[in-house]
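Subject: Structure for you to look at

Hello,

I am passing on the structure we spoke about. Please open it first, then read the notes below it.

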Amino acid sequence: MPKSLYATMKALPGCREKVRDLLVGLTADVRAEPGCERFVVHTLADDPDFFHVEETYRDEDAFKAHMGTEHGRVFNQAIKTLVEGGGSTVVFLDTVI
């Protein structure tokens with residue numbers, strides 16, 4: 001069963017471009033993971049400092065592999081001083097239809 005989630009983060013003042021650039025780099029790495037089915041980054045139309053990332057992995061094992069990647073660790077470390085709260089907020093989803 002696929003593992004779906006979204007992650008949100010708000011860039012601190014003056015940090016939007018740094019966060020965006022980190023997400024662009026992360027996207028290439030995550031999309032190359034064998035278990036990644038979807039990884040799309042958005043900003044809110046009325047708040048470009050607020051990032052919304054939609055993710056789907058083939059299954060729980062693919063998600064666990066994703067969580068153990070070096071590029072994920074590097075990204076999470078890099079955003080600690082760039083986003084509110086020092087990291088992203090993750091919401092897991094269950095498919096209805």
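A residue is called buried when its relative accessible area is under 20%, exposed when that area is over 50%, and partly exposed in between. The model is a predicted one.

Salt bridges

The count of salt bridges comes to seven. I describe three of them here, including the one between E60 and K3.

In that pair, the closest N and O atoms are 3.0 Å apart. E60 belongs to helix α2 (residues 60-67) and K3 to strand β1 (residues 3-10), so the bridge links distant parts of the chain, 57 residues apart. E60 has a relative accessible area of 32%, and because this falls between 20% and 50%, E60 is partly exposed. K3 is also partly exposed, at 21% relative accessibility.

Another salt bridge brings together the side chains of D47 and K10, with 2.7 Å from N to O. D47 sits in strand β3 (residues 47-57) and K10 in strand β1, so this pair ties together parts that are 37 residues apart in sequence. Is D47 buried or exposed? D47 counts as buried, because its relative accessibility of 18% is under the 20% limit. K10, in contrast, is partly exposed, with a relative accessible area of 25%.

D21 counts as partly exposed at 47% relative accessibility, and R20 counts as partly exposed at 41%.

Nonpolar core

Which residues of the largest nonpolar core touch the most other members? They are M9, V19, L23, F39 and Y57, out of 20 residues in this core. At least two residues of the core come from each of β1, α1 (16-31), β2 (36-44), β3 and α2. With four residues, α1 gives the most to this core.

Leaving aside residues up to four places away in sequence, V19 touches M9, A11, F51, L82 and V83.

Regards

Note on methods: Residues are numbered from 1 along each chain as its sequence is written. This is a predicted model: local features need pLDDT of at least 70, side-chain atom pairs count only at pLDDT 80 or more; totals for chains, interfaces and linings use all residues. Side-chain values use heavy atoms; hydrogens and water are left out. A salt bridge is a side-chain nitrogen of Lys or Arg within 4 Å of a carboxyl oxygen of Asp or Glu. Buried means under 20% relative accessible area, exposed over 50%, partly exposed in between (1.4 Å probe, protein chains only). A nonpolar core is a set of buried Ala, Val, Leu, Ile, Met, Phe, Trp, Tyr and Cys residues joined through side-chain atoms within 4.5 Å. Contact means heavy atoms within 4.5 Å.
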